[in-house]
Amino acid sequence: PDGALAGSAEVAARNVKADDLGLFWPPEAGEEARSWVLEHITDGIVPQAEATISIEPGDLAQRPVPEGMVEGRFTFDDLTVGYYEDLPPLTGVDGSATFTARRMDFAIDTGRVGDIRLDGGSVVITGMGLPGRETTQLEVAARAAGTVSDVLALIDHPPLHLAAKAGLSPADAAGTARVDLAIGLPLHREVEKEEVRVAASANLT
C-alpha cells in the first residue's frame, strides 16, 4: 500500500529541448505550474538537470505530497519566456533553476527583452500542488538596460502606459536607461486582468 512505500532515487537528464519538458513533468505534479511553464517557456535547451526523489512511509497518501519529496536543479540556455500577453517576451534567456514539489525558482543571468539587454531577473512559482483558486502564484522580475527610446517603448506597452502618463515620447528620447519590471498573477485557468499585478520603474540618464 502507498502508506508503507518508501525509497529514494536520483534522476538526471542532458540536453533536453524546452519544448520537450512536458515529457519529464507528469501532468498530476503541479498541474497549474506545469501548464504555465509548457505554454510560456519555449525554444532553448536544458543542458543539465538532476532531481532527487525521497519517499517516506505515508508521503504518497498526503495531499499535497510533502514539499521535500522532490528536489532538483537545472540549467537553461536561450529560452524564450512569454510572461504577459501584452508585453514582449524575454528571449535568449540563460540561467539556472531549483525546484521542489511546491515551488520553482528560475534565476536569470542574461537575456533580452526586445532590443534591451537583461541584467538579471527571476521567475518564481509558489504554491504548486496546493488546493485553492489563488494558491499557485507566479512572480516575474527583470532588470534591463538599453537606450532611452527602447526602454520608454517597453514601459509604454499596455497595461503600463508609463511613458504616456509621464508625457514622454519614445521617438524623441536620447541617452541610456535602466528599467525594473515586475509581474505577478495567480496560475489558475481563467485569470482576470484585475488579478494581474504589473509594475515598472525606469532611471533615465
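Residues 24 or more positions apart account for 60% of the contacts with a separation of 6 or more in the protein, a contact being heavy atoms within 4.5 Å. The model is predicted, and local features need pLDDT of at least 70, side-chain atom pairs count only at pLDDT 80 or more, and totals for chains, interfaces and linings use all residues. Residues are numbered from 1 along each chain as its sequence is written, and side-chain values use heavy atoms, with hydrogens and water left out.

The secondary structure comes to 3 helices and 10 strands. Helices (H or I, at least four residues) and strands (E, at least two) are DSSP runs, numbered from the N terminus. Along the sequence the elements follow the pattern β-α-β-β-β-β-β-β-β-α-α-β-β. The C-alpha trace spans about 70 × 35 × 25 Å along its principal axes. Of the 205 residues in the protein, 36% are buried. Here buried means under 20% relative accessible area, exposed over 50%, and partly exposed in between, with a 1.4 Å probe and protein chains only.

The structure holds 4 aromatic pairs. One of them is formed by F74 and F106, which are edge-to-face, with 5.7 Å centre to centre and 75° between the planes. F74 lies in strand β4 (residues 70-81) and F106 in strand β6 (residues 104-113), so the pair ties together parts that are 32 residues apart in sequence. A pair of aromatic rings is described by the distance of the centres and the angle of the planes. Rings of Phe, Tyr and Trp (its six-membered ring) pair if their centres lie within 6.5 Å; planes under 30 degrees apart count as stacked, over 60 as edge-to-face and the rest as tilted. Both F74 and F106 are buried. Ring pairs also link F74, F76, F99 and F106 into a cluster.

Strand β5 (residues 90-100) contains T100. This residue counts as buried, because its relative accessibility is 18%. Leaving aside neighbours within four places in sequence, T100 is in contact with E67, V70, E71 and M128. With E67 there is also a polar contact between the two side chains, at 3.1 Å. A polar contact is a pair of N or O atoms within 3.5 Å; within protein, one must be able to donate a hydrogen and the other to accept it, and residues adjacent in sequence count only if both atoms are side-chain atoms.

Q137 belongs to strand β8 (residues 137-147). With a relative accessibility of 16%, Q137 counts as buried. Not counting residues up to four places away in sequence, Q137 touches V124, I125, T126, L185, P186 and R197. The side chains of Q137 and R197 make a polar contact of 3.1 Å. Q137 and A33 are 104 residues apart along the chain, and their C-alpha atoms are separated by 8.5 Å.

Another buried residue, R34, has a relative accessibility of 17% and lies in helix α1. The C-alpha atoms of R34 and A200 are separated by 27 Å, the two residues being 166 apart along the chain.

Helix α1 (residues 31-40) also provides the largest share of the lining of the second largest pocket, 6 residues. On a 1 Å grid over the protein atoms alone, a cavity is a set of points where a 1.4 Å probe fits but cannot get out, and a pocket is an open set with protein on both sides within 12 Å along at least five of seven lines; lining residues have an atom within 4 Å of a point. The second largest pocket holds about 540 Å³ of space. Grid points are joined across faces, edges and corners, and a volume is the space filled by probe spheres set on the points. The lining has 21 residues, of which W36, L185, H188, R189 and V191 lie nearest the centre of the pocket. By class, 7 lining residues are nonpolar, 6 polar and 8 charged. Ala, Val, Leu, Ile, Met, Phe, Trp, Tyr, Cys and Pro count as nonpolar, Asp, Glu, Lys and Arg as charged, and the others, Gly among them, as polar.

Some backbone features remain to be described. A cis peptide bond, with omega about 0°, joins R63 and P64; P64 is placed in the loop between β3 (45-55) and β4. D43 is a residue other than glycine with a positive phi, near 60°. D43 sits in the loop between β2 (41-42) and β3 and is partly exposed, with a relative accessible area of 41%. For D78, too, phi is positive and near 60°. D78 lies in strand β4 and is partly exposed, at a relative accessible area of 47%.
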